[in-house]
Amino acid sequence: MRIAVYPGSFDPFTNGHKDILERALVIFDKVIIAVVRNPGKKPLFTLSERVEIIRQSIEESNRVHIDSFDGLLVNFMKSHRSNVLVKGLRAVSDFEFEFQMALMNRKIDPAIETIFLMTSAEYAFLSSSRVREIAALGGPVSCFVSPFAEAKLKEKTCTKKPRGEIVEKE
Ligand code: PNS
């Protein structure tokens with residue numbers, strides 16, 4: 001059984017992530033989506049919210065498993081008996097960071113291989129951070145994320161004052 005791990009912060013999971021997942025499922029028997037508990041930056045969504053958004057954004061299948069991890073990704077992979085990492089590449093700008101990560105992971109564990117899947121052209125510009133920004137500014141995100149994620153983004157951001165609001169002087 002060919003098992004791949006698709007890691008990320010998924011804050012939130014976008015249609016671009018879903019595209020990569022679907023491509024990975026053509027190659028692998030099973031894909032484990034590994035949601036990092038504490039991404040470098042403070043996430044907008046909690047771990048359980050990020051996991052729930054993924055669950056509601058993909059078709060249920062016994063070939064996809066959603067899990068979370070703390071610490072080194074290679075340790076998570078070992079415990080799930082996988083040595084293949086799947087990452088999405090959107091543009092040349094992603095390459096340097098991903099190249100570093102792939103080589104570091106292989107240095108830590110020489111058995112690890114990283115496979116890069118090219119995103120569909122329509123998602124080449126899409127990132128979770130752009131989606132968060134558009135949502136925070138009250139813009140439309142329905143073509144970037146699932147309806148569930150869209151609703152969660154609205155919930156998170158509606159309590160915030162719209163930025164750039166003009167406050168009239170008395
Ligand atoms: O979606 P992201 O934020 O680009 O995902 C980054 C992620 C989670 C894949 C990366 O930060 C990671 O692997 N974190 C786990 C810690 C680790 O193993 N670090 C060493 C990798 S060189």
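## The ligand and its surroundings

Around the ligand stand Pro7, Gly8, Ser9, Val36, Phe69, Gly71, Leu72, Leu73, Lys87, Met101, Met104 and Asn105, where a residue is near a molecule if one of its heavy atoms lies within 4 Å of it. The structure is a predicted model, in which local features need pLDDT of at least 70, side-chain atom pairs count only at pLDDT 80 or more, and totals for chains, interfaces and linings use all residues. Residues are numbered from 1 along each chain as its sequence is written, and side-chain values use heavy atoms, with hydrogens and water left out.

By class, this shell comprises seven nonpolar, four polar and one charged residues. In this scheme Ala, Val, Leu, Ile, Met, Phe, Trp, Tyr, Cys and Pro count as nonpolar, Asp, Glu, Lys and Arg as charged, and the others, Gly among them, as polar. Both β1 (3–8) and α4 (92–108) supply at least two residues of the shell, and α4 gives the largest share, three residues. Helices (H or I, at least four residues) and strands (E, at least two) are DSSP runs, numbered from the N terminus.

The side chain of Ser9 has an N or O atom 2.7 Å from an oxygen atom of the ligand. A polar backbone atom of Leu73 is 2.8 Å from an oxygen atom of the ligand. A polar contact here is a pair of N or O atoms within 3.5 Å; within protein, one must be able to donate a hydrogen and the other to accept it, and residues adjacent in sequence count only if both atoms are side-chain atoms. Of the 550 Å² of accessible area that the ligand has on its own, the protein covers 70% (Shrake-Rupley method with a 1.4 Å probe; for residues, only the protein chains shown count as cover).

The ligand sits in the largest pocket, meaning that more than half of its atoms lie within 2 Å of the grid points of that pocket. On a 1 Å grid over the protein atoms alone, a pocket is an open set of points with protein on both sides within 12 Å along at least five of seven lines.

## Backbone features in two loops

Most residues other than glycine have a negative phi, and most peptide bonds are trans. In the loop between β1 and α1 (15–27) lies Phe10, which has a positive phi of about 45° although it is not a glycine. Phe10 counts as buried because its relative accessibility is 3% (buried means under 20% relative accessible area, exposed over 50%, partly exposed in between, with a 1.4 Å probe and protein chains only). Pro12 is found in the loop between β1 and α1, and the peptide bond from Asp11 to Pro12 is cis, with omega near 5°.

Arg81, in the loop between α3 (73–79) and β4, has a positive phi of about 50° and is not a glycine. With 76% relative accessibility, Arg81 counts as exposed.

Ala91 belongs to the loop between β4 (84–89) and α4 and counts as partly exposed at 35% relative accessibility. Ala91 and Phe125 are 34 residues apart in sequence, with 8.3 Å between their C-alpha atoms. Tyr123, in the loop between β5 and α5 (128–136), is buried at a relative accessible area of 16%. The C-alpha atoms of Tyr123 and Ala91 are separated by 10 Å, across 32 residues of chain.

Thr114 is part of strand β5 (residues 113–118) and counts as buried at 17% relative accessibility. Between the C-alpha atoms of Thr114 and Lys87, 27 residues apart along the chain, the separation is 7.2 Å. Lys87 is also among the residues that surround the ligand.

Conventions
On a 1 Å grid over the protein atoms alone, a cavity is a set of points where a 1.4 Å probe fits but cannot get out, and a pocket is an open set with protein on both sides within 12 Å along at least five of seven lines; lining residues have an atom within 4 Å of a point.
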